[in-house]
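Hi everyone, thanks for coming.

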Amino acid sequence: MAKLLISGGKRLNGEVKVQGSKNSTLPILAATILCEDESVLFNCPKLTDVDATIRILRYLGCKASRSDSTLVVDTTDMTRSDIPHDLMREMRSSIIFLGVIIARCGKAKMSLPGGCELGPRPIDLHLSALRQMGIEINEEHGELECVAPSGIKPSKIALSFPSVGATENIMLTAVKANGTTIITNAAKEPEITDLADFLNSCGARISGAGESTIIIEGVQKLSGCSHSIIPDRIVAATLMSAAAITSSKITLDGVILSHLGAITPVFENCGCELSFKEGKLTLDAPYRLRSPKLIRTMPYPGFPTDAQAPVMAMTCKASGLTVFVENIFESRYKHVDELNRLGANIKVEGKIALVDGVRHLSGAKVRALDLRGAAALIVAGLSSQGHTEILGVRYLERGYDDFEVVLQSLGADIKKI
Ligand code: EPZ
């Protein structure tokens, strides 16, 4: 079992390139099923979640090969329309394959994704939308069995919550419907826009991605294209948190500033100086951070739930009290107990977490319990006195590409053993 060893207290400096977005790569890999030929994806991060998605594509009969951060996917010879239980359980966001398999094969079979470390992960919004689009779904024995007896029906779908996954599944299903589908109260995350850009490059006719109303005109055929994945805004926020807590000055290359609209003000409120030019964001942290006071997670363009854990780690040493309100997931505070083991002073009351900033954190043995929690423990460990040992590295590898190597290049004393 791999673990990370950190000797804290080192300042960071230098420049790093931000990896491609995990949450853009996964739905775009699923989308290649709609084009019955080859697509080339650039800037794809090397992650275990991406590997799991490639395993699903290969199981379905598609070809996929990687050379560094370029993925070539050829879905010409797709033969199956089912995803077996073991592949589904590896990654609950595999539900994103449901719509594309139905759109291509007229049917699909997969096990219910089940919950994950963040609590129950319901898919009711996905299923009710697909049913509205004429898909018959039978849920029995933990399996989903779907069939579209008369093709995909264009529909007006009003989402009760701007679910990222549901918005993506509806878009992917509607691309080849016979008519126009409209999604209202759609998710507006940049990953939705990146998916729509990929699909439009393949010949789809999608407008309004990134806004609340998305219009998808069905088309007969899509053909593969080349596409470069957008940078990962959550990895950027994590690196900013690592620099801020260690009173460092670093530059992030390959950042889209507008994707960080709710994130940069938090760092400025903490006393960090940010400057941006030619796609590069430089953060210059003060000796001691001020508390940003209140952070509430919201759907985009609000503060992203995925950045809550690493940013919370940063506030552990800020002067003053920071109040976090986690509005998106039911249990996304698993990192709090582990941060307190490092000397933080955090109390959780339901969806609220109160962080009372301390002067020092001290290294200890801690365990990651989910992806962003792993990132939070690294951020805190970098600024803890002495050695910090982090177990559960497999969670980190789901979403961070060679993260310890990236931090080493900035001067951190961190190694994976
Ligand atoms: C995506 O998950 C991301 N994953 C998550 O990132 C991210 O935290 C989340 O969006 C919110 O931004 C990928 O893109 C692969 P949702 P998703 O549907 O699509 C409830 C990470 O760390 N809901 O917007 O599953 C749900 O329970 C991961 O990279 C329903 O109730 O998120 C949650 O409380 C973690 N019914 C809320 O909506 C549904 O049918 C947001 O979920 C669907 C969702």
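**Around the ligand**

Let's start with the helices: H1 (22–31), H5 (124–132), H6 (164–174) and H12 (371–381) each give at least two residues to the shell around the ligand. The largest share comes from H5, with three residues. Oh, and before I go on, keep in mind that this is a predicted model.

So where does the ligand sit? It's in the largest pocket. There are 22 residues around it, and the ones that come nearest are Asp124, Leu125, Ser163, Asp306 and Ile328.

What kinds of residues make up that shell, by class? We've got nine nonpolar, six polar and seven charged ones.

With Lys22, a side-chain N or O atom is 2.9 Å from a ligand oxygen. Arg92 also has a side-chain N or O atom facing a ligand oxygen, this time at 3.4 Å. As for cover, the ligand taken alone exposes 820 Å², and the protein buries 86% of that.

**Two backbone spots**

As a general rule, most residues other than glycine have a negative phi, and most peptide bonds are trans.

Here's one to look up: Asn43 has a positive phi, near 65 degrees, and it isn't a glycine. You'll find Asn43 in the loop between strand S3 (38–42) and helix H2 (48–59).

The other spot is the peptide bond joining Tyr300 and Pro301, which is cis, with omega at about 15 degrees. Pro301 belongs to the loop between strand S18 (294–296) and helix H10 (308–315).

Definitions and conventions
Residues are numbered from 1 along each chain as its sequence is written. This is a predicted model: local features need pLDDT of at least 70, side-chain atom pairs count only at pLDDT 80 or more; totals for chains, interfaces and linings use all residues. Side-chain values use heavy atoms; hydrogens and water are left out. A residue is near a molecule or strand if one of its heavy atoms lies within 4 Å of it. A polar contact is a pair of N or O atoms within 3.5 Å; within protein, one must be able to donate a hydrogen and the other to accept it, and residues adjacent in sequence count only if both atoms are side-chain atoms. Accessible areas come from the Shrake-Rupley method with a 1.4 Å probe; for residues, only the protein chains shown count as cover. On a 1 Å grid over the protein atoms alone, a cavity is a set of points where a 1.4 Å probe fits but cannot get out, and a pocket is an open set with protein on both sides within 12 Å along at least five of seven lines; lining residues have an atom within 4 Å of a point. A molecule sits in a cavity or pocket if more than half of its atoms lie within 2 Å of its grid points. Helices (H or I, at least four residues) and strands (E, at least two) are DSSP runs, numbered from the N terminus. Ala, Val, Leu, Ile, Met, Phe, Trp, Tyr, Cys and Pro count as nonpolar, Asp, Glu, Lys and Arg as charged, and the others, Gly among them, as polar.
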